[in-house]
Amino acid sequence: MRAVEVFGDLCFADTFRGKYPMPAGEAKLGGGVFPTPTGSVMRVVAVLAALLSFASPLAAQTDTAVTAAELQARRAAFAERIGTGVVVAFGGRTLVHDFTTFYQLQAFRYLTELNEPDHAFVMVVKDKVPSTTLFLTKLEARRAFYYGQSTDSANSVARTGLPGRAYESLWGVLDSLAATGLPFYHIPDVETMDFSSADTLTRGQEAIKLLTRKHPQLTIRNAMPQVLAIRAKKSAAELALIRKAVEISSEGHRAAMLTANPQHEYELRAALEYEFTRRGAERPAYGSIVGSGYNGTTLHYMKDMAPVKPGDLVVMDAGAEFRGYAADVTRSIPVNGVYSAEQRALYQLVLDAQKAAERNSKPGMRIRAAADSSVVVRTRGLAALGLIESEDAMYDPPWRVDCTANPNGCKQANLWMIHGISHGIGLAVHDPLQGDRNGGTFAEGDAFTIEPGIYISTRALDVLPDTPRNRQFKAKVLAKVKQYENTGVRIEDDYIITEKGLERISLVPREIDEIEALMKRRRAIQP
């Protein structure tokens with residue numbers, strides 16, 4: 001989910017004048033810097049060789065780093081949207097446990113690429129020209145032997161291209177800037193925008209509350225919308241990072257399909273995440289979802305501990321994070337390697353819906369049209385399978401919907417396909433799209449998913465309100481629902497739009513015959 005060496009007319013402009021070398025590619029204004037063996041051993045070796053032969057070779061690590069010039073361009077684009085004002089942002093905090101690695105907040109990373117905890121920045125923007133200063137928490141000397149050296153005011157320019165000051169000086173700078181009358185902007189230090197409304201007791205947000213109490217005349221606006229706006233269009237470097245994350249993720253799914261004799265969901269998760277790590281991913285981009293049978297009908301099931309049984313379908317929704325950038329890929333596979341007739345029918349329906357959305361996801365096309373085309377295909381198929389009374393049949397949902405204002409929200413088909421089919425990907429697994437602000441159309445530089453799903457379980461019927469319309473619905477479809485009981489299918493791929501048009505970049509088998517053919521190869525390594 002930055003103050004000053006500023007203009008010549010501000011009281012601490014001289015703090016940095018002459019003290020720091022000018023970063024390449026930045027303009028100077030009033031003293032400020034502005035970002036323009038044995039037999040058994042042989043058998044083990046043979047098994048490992050067979051396993052490795054089924055996976056594609058490890059790709060060489062390509063140079064996909066975000067350059068200093070790109071960071072300057074990001075800050076300049078952000079300043080263009082601010083115009084004039086003071087922007088304050090806080091990075092993530094030091095972890096209070098040793099169970100995982102620190103990962104920087106997405107907005108802070110996007111503007112600085114400084115992936116260390118407990119820092120902040122202040123950007124002073126005048127006439128759309130930014131001057132950025134880091135406020136850095138120096139790691140205590142003994143602690144540095146445990147966790148490594150961090151960026152400080154002495155090495156900040158060399159490491160980041162930006163001047164730095166001690167974090168302890170931040171409040172004096174903010175108080176001085178508050179007296180100038182410039183409007184203030186704050187980038188909330190939330191972990192993810194998905195849960196931003198609940199993530200309110202952060203260091204940065206508490207600091208902004210304190211600043212408001214100290215300076216009641218101060219106007220402070222939320223600058224996150226401006227950050228999200230510039231994050232929506234991916235640069236060439238970002239698309240390369242996303243490609244790499246998706247490539248790694250695709251090989252993870254391929255490895256899971258090749259896992260012989262899985263007994264539990266966590267074995268498939270282990271295959272996915274091992275391959276992510278083996279190929280250079282920093283971590284999973286989100287909690288891996290591996291749900292078998294009934295668990296596959298729970299959209300964000302992340303316990304991944306239950307048994308998997310022959311005859312079950314397993315929904316595997318898992319993606320890798322590479323250098324901060326997320327992939328998001330889902331496949332639904334049969335435990336025994338062969339789809340049943342019912343599983344095959346639902347899977348093909350979802351795949352047809354995904355392909356319909358693909359045909360409507362080209363540059364200039366409306367995002368809504370892609371989603372609608374997927375809904376039409378699934379609705380028609382659900383009616384043909386007897387899982388709804390008709391394509392236009394209505395029901396009374398178990399959640400609040402105004403059926404008069406939104407009749408589509410009360411169609412029976414929605415009970416079996418309750419989520420949307422697309423979102424952006426990037427630094428966040430749910431990243432902004434240009435369509436959020438350009439009237440809802442796809443555009444070059446977009447990176448996104450298409451992920452239709454259908455989830456059939458009598459549980460869904462059990463939670464319906466007891467109304468005449470719902471009683472009729474349940475009576476008509478219950479026998480068919482039991483036939484498809486506890487079958488969840490989601491197919492999710494990742495796409496980018498370049499000057500050549502739409503490109504699917506998650507090249508995991510998705511046709512039924514392709515998946516079954518790959519899974520048959522597991523027999524070569526079974527004991």
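Biologist: In which helix is the place of Arg74?
Modeller: The model is predicted, so local features need pLDDT of at least 70, side-chain atom pairs count only at 80 or more, and totals for chains, interfaces and linings use all residues. Residues are numbered from 1 along each chain as its sequence is written, and side-chain values use heavy atoms, leaving out hydrogens and water. Helices are DSSP runs (H or I, at least four residues), numbered from the N terminus. Arg74 falls within residues 68–82, which form helix H2.

Biologist: Is Arg74 buried or exposed?
Modeller: Buried means under 20% relative accessible area, exposed over 50%, partly exposed in between (1.4 Å probe, protein chains only). The relative accessibility of Arg74 is 4%, so Arg74 counts as buried.

Biologist: Which residues does Arg74 touch, not counting those up to four places away in sequence?
Modeller: Contact means heavy atoms within 4.5 Å. On that basis, the residues touched by Arg74 are Val66, Arg109, Tyr110, Leu111, Ile230, Glu238 and Tyr325.

Biologist: How many residues of H9 are buried?
Modeller: Helix H9 covers residues 236–257 and has 22 residues. The rest of the structure largely encloses H9, because the buried residues number 18 of the 22.

Definitions and conventions. Helices (H or I, at least four residues) and strands (E, at least two) are DSSP runs, numbered from the N terminus. The expected span of a helix is 1.5 Å times one less than its number of residues.
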